Amino acid sequence: MAETPSLLQVSDISLSFGGVHALTDVSFSVNPGEIFSIIGPNGAGKTSMLNCISGRYQPNKGSIVFKQQELIGLRPNDRCTLGIGRTFQNLALFAHMTVLDNIMVGRHHLLKNNFLSGSLYWLGGARKEELTHRAEVENIIDFLEIAHIRKSIAGTLSYGLRKRVELARAVALRPDMILLDEPMAGMNLEEKEDMARYIIDLNEEWGMTVVMIEHDMGVVMDISHRVMVLDFGKKIASGLPDEVMAHPQVRKAYLGEDDEPSEPATESQLSGEVA
Amino acid sequence: MASAHSRMKCGEFRTTYQQDTTIFPTPLARRVAIGSVLFLLIAPSFLNPYFLNLGIQIGYYGIAALGLNIVLGFTGQISLGHAAFFGFGAFASAWLNNTTGIPVFFCIPLAGAMTMALGLIVGIPAGRIKGLYLAIATFASQFILEDFFARADWFTGGSYGAMANPFALFGFAFDNDQRYFYVVLFYVVVMFLLGANLLRSRDGRAFIAVRDHYLSAEIMGINLTKYRILSFGISSFYAGIGGALFGHYLGFVSAEGFTLLLSIQFLGMVIIGGLGSVMGSLFGTAFMVLLPELMEAGVGLIGHNAPGLTQALAYIKEMAIGLAIILFLIFEPDGLAHRWKMIKAYWKLYPFSY
């Protein structure tokens with residue numbers, strides 16, 4: 001692993017809002033092709049970490065290198081063009097657009113037509129380009145099984161479907177690395193199973209590196225290649241899922257134990273309501 | 001017989017993505033639109049100049065209203081200076097034609113481009129500020145431009161105003177209502193097609209994305225600053241074209257016509273028509289232009305019984321517009337375009353309402 005350069009290298013990131021230290025000297029790296037999960041109790045700084053990577057927040061110090069390029073100082077839209085896609089914890093769809101248009105927005109940086117050629121539609125080749133990308137978008141719609149709602153207004157959909165449309169929109173960017181912020185929050189078991197399958201397919205068949213925040217320990221342990229644990233803005237452990245789960249500090253952060261338990265916790269205990 | 005039935009279609013079937021991305025949702029809607037344009041092509045032969053004049057007004061105001069809808073309805077940015085851009089287009093076209101001798105035919109799109117350049121400059125604050133603050137910034141641009149119109153003698157003729165030559169093509173002057181109606185109709189069709197195309201392609205979607213959720217739009221690779229400013233530019237382009245058509249219709253452009261009141265009327269057109277609806281811009285404009293005329297006709301009908309009404313006509317017209325905007329905001333905030341959709345849905349589903 002050490003020879004292959006990492007896709008994302010985060011070094012000594014610190015972020016504070018006034019006196020609140022959201023992140024303190026967090027470093028980690030994500031290798032190409034892996035599913036990397038970030039876990040931790042509420043308020044641990046997981047989403048802040050994703051926001052630093054995608055450009056919503058500018059960290060106070062540290063560096064984030066993606067594909068050998070420094071991201072600090074780049075605008076979010078430029079980071080998107082470099083190949084970073086993401087979904088949001090609290091849904092952030094374009095509520096008045098159809099599902100199809102939402103996903104087509106994801107093609108924005110891949111499309112070439114502008115307001116002039118777009119206005120002339122039939123004359124400047126914009127139609128041909130739009131239709132080519134429409135076919136691409138339909139592939140994604142098929143893959144995520146949302147064909148039946150492609151003409152629905154995004155704001156009218158159920159929560160689970162909206163999550164799926166958001167994933168579709170991020171996939172439409174064709175990113176090299178996709179950041180998923182709690183892709184399974186608020187879903188029932190069946191929806192979670194579907195979502196887990198989509199994430200694995202994205203990783204294995206579409207070749208996307210996945211960085212995921214998730215509270216459902218069962219899912220995290222099953223599909224992640226590596227896991228990092230944050231607590232109060234500090235990294236307390238990282239490594240293979242089983243190693244991380246056995247880590248005493250992790251158990252303390254999650255279960256709030258003062259004493260070491262007499263026997264190692266089983267996975268079923270840990271996969272309970274940890275949020 | 002059975003085989004003939006089995007081949008009959010029930011409803012619209014689309015077998016290509018091209019069929020699925022047309023401007024008009026159904027072939028019927030397209031036929032109705034083409035039919036309306038054909039009807040309007042023969043309309044000047046039998047409509048009297050009064051109605052043609054109303055049609056022309058709806059045309060040039062409608063184009064400007066579409067511009068305002070692009071910035072307000074589609075990009076979600078308030079603009080209180082639309083009348084100033086409308087006026088700038090009127091002056092720019094007259095000025096270009098008077099000073100350089102470029103035919104009016106070319107001056108109108110050039111005036112649109114000049115107004116767009118101005119809109120891009122005035123739109124720069126929009127890259128930074130939002131909501132009420134932006135409203136005040138555009139409000140300021142309205143007053144700056146009004147002042148400019150009154151003082152820039154070289155450009156606008158100052159307080160005397162500017163003469164605008166009639167629209168002419170190959171020596172044929174479109175100098176009366178019958179003829180000018182075609183010029184405006186041509187521009188309405190072209191501008192609304194351009195607008196509809198814009199909004200079904202990349203940059204139009206970017207505008208709507210910025211309106212609906214600017215943070216996630218940015219994550220989707222959309223440069224917020226660029227699109228906020230561009231939206232003002234494109235909106236101004238439409239205002240400039242509408243204004244230029246207005247100027248060459250009246251033959252005379254005077255600074256008094258482009259006040260904040262007209263800006264508010266544009267807002268009314270867009271709100272009544274439907275924010276975020278291309279055709280709604282035209283519906284709303286028609287409503288705003290026709291409502292005072294209907295009031296006048298109504299007062300004329302019952303006026304001999306109530307002479308006080310005739311005297312109060314001017315106030316009744318103003319109040320009717322204000323009342324219409326309030327009623328629309330309460331009962332149909334999505335505008336006429338939405339009401340029209342509901343009516344269509346009602347007929348489609350009749351007699352079952354589900």
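Two residues are taken to be in contact if their C-beta atoms, placed from the backbone, lie within 7 Å. The model is predicted, so that local features need pLDDT of at least 70 and side-chain atom pairs count only at pLDDT 80 or more, whereas totals for chains, interfaces and linings use all residues. Residues are numbered from 1 along each chain as its sequence is written, and chains are lettered from A and ligands numbered from 1 in the order in which they are written. The model scores ipTM 0.87 and pTM 0.89.

Gly335(B), Leu336(B) and Ala337(B) are buried in H17(B), a residue being buried if 20 or more other C-beta atoms lie within 10 Å of its own, exposed if 12 or fewer, and partly exposed in between. The cover over these buried residues includes helices H13 (260-273), H14 (278-302) and H16 (313-331) of chain B.

In chain A, the buried residues of helix H5 are Ala126(A), Arg127(A), Glu130(A), His133(A), Val137(A), Ile140(A) and Ile141(A). They cover an arc of only 130 degrees around the axis, which puts them on the same side of H5(A), the arc being that of the directions from the helix axis to the C-beta atoms. The face turned away from the buried side of H5(A) carries the exposed residues Lys128(A), Ala135(A), Asn139(A) and Asp142(A).

Methods: Helices (H or I, at least four residues) and strands (E, at least two) are DSSP runs, numbered from the N terminus.
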